[in-house]
Amino acid sequence: MVTAMTAMMHEQQTLAPAAEPKMTARDVRVFYGDKQAIKGVSIDVDMDNVTAFIGPSGCGKSTFLRTLNRMNDTVASARVEGAITLDGEDIYAPSMDVVQLRARVGMVFQKPNPFPKSIYENIAYGPRIHGLAHAKADLDVIVEKSLRRAGLWDEVKDRLHDSGTALSGGQQQRLCIGRAIAVEPEVILMDEPCSALDPIATAKIEELIHELRGRYAIVIVTHNMQQAARVSQRTAFFHLGELVEYGVTSDIFTNPKQERTKDYITGRYG
Amino acid sequence: MVTAMTAMMHEQQTLAPAAEPKMTARDVRVFYGDKQAIKGVSIDVDMDNVTAFIGPSGCGKSTFLRTLNRMNDTVASARVEGAITLDGEDIYAPSMDVVQLRARVGMVFQKPNPFPKSIYENIAYGPRIHGLAHAKADLDVIVEKSLRRAGLWDEVKDRLHDSGTALSGGQQQRLCIGRAIAVEPEVILMDEPCSALDPIATAKIEELIHELRGRYAIVIVTHNMQQAARVSQRTAFFHLGELVEYGVTSDIFTNPKQERTKDYITGRYG
Amino acid sequence: MTGSATFLLLAGLGAIAWVSARARALRLQGAARASGRRDAVHSLPGYHGWYVALWTLMPAGIFLAVWANVAPGLVTQDVLGSPAAQALPADDFSRSAILGEARAIATGMQAGAFNPLSQGLVEPYRDAIGKYGLAGTALAIMLAFAGGAYAFTRVRPDFRARTRVERLVMATLLIASLLAIVTTLGIVASLLWESFRFFSMVSPLDFLFGAKWSPQSAALGYGNDDAFGAVPLFWGTIFIGAIIAMAVAIPLGLMSAIYLTQYASPTVRRWMKPTLEMLAGVPTVVYGYFAALTIAPALRDFAVAIGIHGASSESALAAGLVMGVMIIPFVSSMADDSIAAVPQSMRDGSLAMGATTSETIRRVLIPAALPGVVGGVLLAVSRAIGETMIVVMAAGLAANLTLNPFASVTTVTTQIVQLLTGDQEFDSAKTLAAFALGLVLFIVTLLLNIVALRVVKKYREAYD
Amino acid sequence: MTAERLPTDWKSDAMRRRIARRYAAERRFRAAGLFAVLLSAAFLAFLLFTMVGNGLRGFTGTEIAVKVDFPASPLLLDPNAITDQALANANLPMVTGEVVKKALGADAEQWVAPTAWTALRDAIKADPKILAQTVTIRLPAATAIDLAAKSDGSPEAEAAVARLDKAGLLTTGINWGFLTASDGTDPTQVGIWGAFKGSLLTMLVTLALSFPIGVATAVYLEEYARKNWMTDIIEVSINNLAAVPSIIFGLLGLSIFLNFLHLPRSAALVGGMTLALMTMPVIVIAGRNAIKSVPPSIRDAALGIGASPVQVVFHHVLPLALPGILTGTIIGMARALGETAPLLMIGMRAFIATPPGGITDPATVLPVQIFLWSDEVSKGFVEKTSAAIIVLLVFLLAMNGLAIYLRNKFERRW
Amino acid sequence: GCGQQSGGGAGATRDQIRAVGSSTVYPFATAIAEMFVQGNPGMKSPIVESTGTGGGMKLFCQGVGAQHPDIANASRRMKKSEFEDCRKNGVTDIVEIQIGVDGLAFAESKNGPGLKLTPRIVYEALAANPYGKGPNKAQSWKDVDPSLPATPISVFGPPSTSGTRDSLAELILTKGCESDPAMKALKEKSEDEFKATCTRIREDGKYVDSGENDNLIVQKLGANPNALGVFGYSFLEENKDRLKDVSINGVEATYETVSTSQYPGARPLYIYVKKAHMQAIPGLQAYLDTFAANWDPNGALTRRGMVAAPEDVRKASAATVKSLAVLDGSQLK
Ligand SMILES: Nc1ncnc2c1ncn2[C@@H]1O[C@H](COP(=O)(O)OP(=O)(O)OP(=O)(O)O)[C@@H](O)[C@H]1O
Ligand SMILES: Nc1ncnc2c1ncn2[C@@H]1O[C@H](COP(=O)(O)OP(=O)(O)OP(=O)(O)O)[C@@H](O)[C@H]1O
Ligand SMILES: [Mg+2]
Ligand SMILES: [Mg+2]
Ligand SMILES: O=P([O-])([O-])[O-]
């Protein structure tokens, strides 16, 4: 299998030079009640590379991802320790406004979850609540731009006022990406964005991620290793709540340093 | 990937000689309302071989399987056309008694579904309703024999009166197989019996299937190709409601005749 | 200045506050946004508007609410001081009636004077009301301006107006939800207090275990001893609500649910289910009327015809039967839910063994759904024993301890109504007994519900 | 391993008989289910049929045409000064009696309703000029005549009806007064308007209190409440309140609203408050279920782009939950509208002949009016009671129907 | 309308008359209420609640003020204890007006056995403890008096707080009880014991206490041919087609016999008015006038089944309506 992987790597884009980290996590521990789901993870996410989190089910990928925009706040039992910064600012500081944080760190979920409103309203919602547009015209511009960036414009431009839920799964997921883009985030977190999609839709999303790279810091959780290999430049391998290995994607897949990583990517478990 | 498959085949048992078919299906079409789910499938199932149905999700494997014991009768919108026989008798003939048919063609489901009764009662249920045992002693004999055949006796003999739902997933699935065996069926249909189980439990069930082979005609649906390769002697590949290819398992995996089969087993889709 | 004018004025002020604060926020934020820092701007301008508007309206509103309670007293003081008031009669009620009338005329709520004395007081009233109205309005406006101004100075691009406004919303929601506790406490307090007084006159043991109920004789002054034995009431309640009604409702409800969920075609189900639910929508007074007028006489004639002794025109059977019919939808919808909650795989498993549908239902579905069904039945029982109108209209008042369904029995709720409507005797044990009965009813239905919900919940969890 | 058992011989006689028996049992069971459904439905049909059968007649009334020769009547009224007071002072009841006697015979006075003179009054008021003329005025018939004309009555009444009919003086038509009049003592003259208005005012109070509070509570509990002892208490309270028998709320209203707070007895305000306490938990529970059924992914989506928790609820959750909340509210209101027992406790059972003007005026409500009429002796009230029941049922069934419709229409699978 | 606020001693007003009390008087009070509205255009209809005489007295005596009723209807005279209670709560000036007479009627279904009763029979059939000789064992009327049929005793009657029940005790039971000389002697010895023996009614189901609703009793009799009902004469009058009278001492309750007090169950009907409310409640005087205008033998009330009071009583009552002379508590029992 390892050879198959390596083959895929060849298609992959080259690694961008190491850059100033956009977000940093230091010794992050997350607890659900008494149960520790993340055990001291430190990681840097930079602007120019797509970072992939891989690991077997239940290892804490989603949990960790959600600490990055404090979506874990919505889980009553969840408790986060350690330090996470965005542009050097501690996002768990009391002075941090969560609402603003989430506008800056957007999120795309596993299952496409458009609002049961029109396509237009789906995109316009974020700019509206954040006061990014004052006139209808501004909003129109934002909607078009976001849909274009999400690669959905051509498919939906004639039916902007149809319901977002009437789109196909892949279109819905691109709509959600467009919705996240519309508030001009700095970081986009994606939690298994393709796992509910068919291969063609998946290919589209992967292509989109390529295009968005550089403009936003992107973190993507996946348990499809081929996908990680295809879309990311850096890969973090989680196991049982620990960050086992973090490095350049091609290194991780071709030359893992840790035994556990190797076992995982060669399919011994997971 | 193909090579990996072939390696697995070597462990597989040899194909039994072609036998008198136990069940035959001729040009079977199934409709859910207006939607056609099965498009003219003809197939023979014999006593001595395990037959596997494979194919991508939604291709109609379960639907076709359920026509074999008329479980589709319970779906109000389902309509079956074509001819299916059991020992030469048309099972859709008005004179066919469904209750009897289902006792003769047993079924095991994807998710283990023991009744919320004791282990003993789970097994005894079928014999009781069919009046196969008259005295308690008869019933005890049947329960023990069925549990032994299902490979569960040693694990549960001391707690026959515990609830069947208190068993582990793999044990529950064997209990369900035991339950099906208890009414002395002639055919056993299994719809992805291992997909809810862990590898160890899966191995146990596969072993059980080996042991049951020959005594019952066995049809198993799976979308784990390795499993099909391991347990079956004949494999039917379904795609979009059609039977694309049907033949000796090792042929299908090493030397598929159809392009679609080949694409599927090499992982291009599904 | 009248109340509505003040109200309009304040509303206007609030609107102005909203608009101007919003405009200011918009302007300031435009500048801040240009600076480029994302957290330079916090809340949408609208939130600033709301923040300032709330500060404008709330203090003034609270003040007005207080003022509305204080001012009439001040007005009356003023009027009483006027010369015309000297002629007022001394007795309080006539006096306040005259004052009230004068005020009604002064405020234009009444046209002419019924009492000549009040005519003279109209002018003083008008003056006083005008004076205090003006004072109140002036103070309220001052407060509005003060509040608004304070809030307005806080409008800055990074001011967290949204957080403040949302905090108020949250507080409102919390307060609303506390009302449930207040209500419960109110019920418990009123029941406990009156019951306590009752039990200081009648021993709780006599009440709970006594077999003779004749509050009438207690009221006639023959003493409270053995007049308040509630056992016949409890028996009547159980006989009608838990035995006869359930004997109707359980089989019919359960079998209807089974038929509609397992056998009926979708069309039949679509029509019959709401039809049966309509049985629960018929008001109980209609059932009562029906039971008393149609069912009870028929049953009595029947009983007499077959020679049953002691048949009464307000038989337990009539009330129980009709109540049972009313309860059918409760039982059937609970049974429906419970059966639907049994996983489909269970049903498939049984059918695939060659069981017939009825065997599957009786041997697999019902046993699996049993806790849910039992919970539903308990809820239905609790509903039946608390049901009032049917028994008030169709059951009797005779506190009999009998097993004869054609005889008349009485129930807890009937007696509560009897004791409290009409017969409001002097603070006798008799009136208070109604509250003691209410307390028992409350506790019993509470326990039934707690148990039922437990059972249902536990069972639901088993399949989740 | 135990000895092998031969495969079952399904064709054996014993097996065949067994299967026949099982199928028979199956048929019996199924028939029992059908029987249960039909019996329940039949009961409903019987109830509705009885009510409609008895009640339709309540919407009709009988009138007797009486020739009135005003100049010859003992009426002293100045046609140019017709005021309410003047009419009230004119002793019209006596005049009416005389007029009827003159037109129809000495024993005819009891054929017209005791309140028949109001018809005379209204005629004069409508056109004072008739005071100088001889006109034919339709006077409402007395209960006995009314019943005899519509179905069967006492022999004397039947005889009178036969006589009047022969003379062509009797007409039976729709009695609009039943929808516009209020309670009274004469069954031919009573109407439901007063009780209906009382119901309306009571429901208004109930809705105004229970809907906002109920929805706010549901939102708080479902979306914001942290799991702690207070939330637990609120939750337990609400579940319990939903199950408390309605009469207990009446006891609460009596001892707190009337005896402690001294709010007005018999008023729609108190009735509405009492019923609101009863309706609120229904709305809370329905609201919570509706809110719960909004998929969490919608909340995640909104939170994920930086909506605040309050925005999430007000922009997304509530609009989506609204149909469910409304369904619950309608059901709760329908229950409140049909409720009788608690209102008896707070004195809404008095004789009130003028419709309430506001929520603090004494009032009664439809179901209580039904209860009161059901206790009236006069046989004329039987059909009026059933007619009032029809009116109430029409409203309730419409409300329940609307709720069922809403539920089916908006029942969505996410 | 709404918007009335209380506070500062001024303001609690009511523009509707409010009457509570006897169910026997209720039909007359509502009829008068109706006539009052028709005769006084613009006035709101009085509120009449049927609570039973005793219940009405309790509400009536709770105090003076808008939240308390203005009028108590009674089918018996106010009791001393009630008067005291009123006084305690500040209701001192009470105007007593007799509006008419009613008979305590005994009736059975049209197809009933046709009983003929005397106070003694009624007493022996209904007393809890006839003549103090132990619990009442009579099961059928025949057990009480051999001349009567053997139908089981079953009497629907009013509850303890109703004036009708008091009348039953006073006019019938006590009379029947006194037919035994021993009881007369007991009366001398111990008033209380006499009362208990003579007026306490059995509670074993033979006497069915039917709540504050005479109409209900009427309806139940229709369905129960063997039962006897006790209620006001007007209800009997209204239901002549369904019920028939049961004579007492051979006298049937008719308009004649009741008005001349020849019928043993004849009793006066009263309304009690708070003088303090006369000034405060609009229309109260007019309401009383309406009563006075309609209680003549050919007035509207007799058409509703009331029996007019003798002429002298009517005159006295009319005078009271004018003068509003206050009741002197010392004459009460
Ligand atoms: N809300 C929660 N409450 C309690 N435990 C939780 C919760 N969410 C997740 N967990 C636990 O935390 C651990 C990490 O879960 P997480 O969802 O982050 O895994 P994951 O790597 O994303 O898995 P998957 O690939 O299945 O999505 C798991 O053991 C999970 O059971
Ligand atoms: N009850 C039903 N009503 C309508 N359509 C159905 C129903 N059950 C299945 N189908 C449709 O029939 C087609 C075949 O479904 P089926 O369940 O047989 O597929 P499958 O091969 O078993 O898939 P999987 O591997 O996911 O179990 C699908 O398109 C499915 O959506
Ligand atoms: Mg995850
Ligand atoms: Mg399948
Ligand atoms: O209601 P009563 O007339 O019997 O008091």
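**A buried histidine and a ligand shell**

Tutor: His42(C) counts as buried because its relative accessibility is 12%; buried means under 20% relative accessible area, exposed over 50%, and partly exposed in between (1.4 Å probe, protein chains only). By the way, this is a predicted model, where local features need pLDDT of at least 70, side-chain atom pairs count only at pLDDT 80 or more, and totals for chains, interfaces and linings use all residues. Residues are numbered from 1 along each chain as its sequence is written, chains are lettered from A and ligands numbered from 1 in the order in which they are written, and side-chain values use heavy atoms, with hydrogens and water left out.

Student: Which residues does His42(C) touch?
Tutor: Contact means heavy atoms within 4.5 Å. Not counting residues up to four places away in sequence, His42(C) touches, among others, Gln100(A), Pro157(C) and Phe159(C).

Student: What does the side chain of His42(C) make a polar contact with?
Tutor: A polar contact is a pair of N or O atoms within 3.5 Å; within protein, one must be able to donate a hydrogen and the other to accept it, and residues adjacent in sequence count only if both atoms are side-chain atoms. Here the partner is the side chain of Asp97(A), at 3.1 Å.

Student: And how far is a polar side-chain atom of Ser62(B) from an oxygen atom of ligand 2?
Tutor: That distance is 2.5 Å. For Lys61(B), a side-chain N or O atom is 2.9 Å from an oxygen atom of ligand 2, and a backbone N or O atom of Gly60(B) lies 3.0 Å from one.
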